[in-house]
Amino acid sequence: MKAKIIFPRKKTRSVTVGKFVLGDGQPIRIQSMTKVHTRDVRAVLKQIARLETAGCEIVRVACATDEDVKAIGKIRPKIHIPLVADIHFNHRFAIEAIEQGVDKLRINPGNIGNEDRVAEVVEKAKKHHIPIRIGVNAGSLEKDLMEKLGPSPEALVESARRHVAMLERHDFRDIVISLKATDVPTMIQAYRLASKKFEYPLHLGVTEAGTLVRGSVYNAIGVGTLLQEGIGDTVRVSLTADPVEEVKVAKMILESLQLRKGVRVISCPTCGRTEIDTAKLACEVEARTASFDGPLTIAVMGCVVNGPGEARGADFAITGGKGKGMIYVAGKQERVVPEEKLVDELLKEIHKRSANRER
Ligand code: SF4
């Protein structure tokens, strides 16, 4: 039996966002953001439904216009996960978003004008128990910080400190903080400093990380490094891609550190011994089991060299032969199946096990 390595989580204050509690050792929640105009309610609902199916737990929408803010009232009742309004500069939008039923605001209080405006937003947020995420970004730091410190970890933390202080002056503590940068070492160091300085939950992410492969790698390294140090309470993998991909990658990062149990498909890289289309089989197994409840480990192996060994440690497995493969259930050989029927037959076995469990 493999030894389980546990990464102890750093203690943070608990903050409630809709049905979830963030921080204080609660499960790390996966977030994403819609990528259509928020005022296009049908398109937003369609995207959120796909995100929910993929495992997104908190979703953010950009509110750039009056129509976007008003759309929140139509979106919120039709979704099942907490909704966050992303607002810049406009305190009226923040107040209206709360009235429309949003679960959390992402707004930087230092950017919405004078202290009176901050007080108005805070009063409304307090009354409706709505937390605020202070989202500091290296691309939009205050001018004086840029001049003095540049886009450094220290500048990001100092910017967050100023925004936090503004909310605390109004006795507001339902705060979540993010300090995002495109530069992975800067982002890692900023969060490390922030974790020492603040008691509030931290929302992790490498911002503007790039397209699917690059963005996934950069986030895996940035977010993964911090998670294994116990830092982080929510995660968003920002990708220039379908938001569903963001959720898939975030789930995989958490699963890789065993911070969450999901469906894990182990597959071999294939080599000159392979006599079966292992890549196609592995992709199909991954796609068709993505929404299954974990923990579930499935091995898809190209041949019998390492196949039986991996199959023994998996719940289900396929090991390839020539145009056919062996299906394993709970580490034991079940039957030989032609290549084109392998995935269907494997899924039948998985469904059979679920049905037996439910009885
Ligand atoms: S399991 Fe077989 S096919 Fe896959 S990499 Fe190993 S030797 Fe090659």
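By class, the shell around the ligand is made up of six nonpolar, five polar and one charged residues, where Ala, Val, Leu, Ile, Met, Phe, Trp, Tyr, Cys and Pro count as nonpolar, Asp, Glu, Lys and Arg as charged, and the others, Gly among them, as polar. The residues around the ligand include Cys-268, Cys-271, Arg-273, Met-301 and Cys-303, a residue being near a molecule if its C-beta atom, placed from the backbone, lies within 6 Å of it.

The model is predicted, with local features needing pLDDT of at least 70 and side-chain atom pairs counting only at pLDDT 80 or more, while totals for chains, interfaces and linings use all residues. Residues are numbered from 1 along each chain as its sequence is written.

Strand S13 (residues 316-320) is mostly covered, since five of its five residues are buried; buried here requires 20 or more other C-beta atoms within 10 Å of the residue's own, exposed 12 or fewer, and partly exposed a count in between, with C-beta atoms placed from the backbone. Helices (H or I, at least four residues) and strands (E, at least two) are DSSP runs, numbered from the N terminus. Phe-316, Ile-318 and Gly-320 point one way from S13, and Ala-317 and Thr-319 point the other way. In a regular strand the side chains alternate between the two faces of the sheet.

S13 runs parallel to strand S12 (residues 296-301), to which four bridges join it, and strands are taken to pair if DSSP finds at least two bridges between them. Ala-299 has Ala-317 in S13 as its bridge partner. On the other pairing, five bridges join S13 to strand S14 (residues 324-329), and these two run antiparallel, with Phe-316 standing opposite Val-329 in S14. The hairpin of S13 and S14 has three residues between the strands, and Gly-323 in this hairpin takes a positive phi near 70°.
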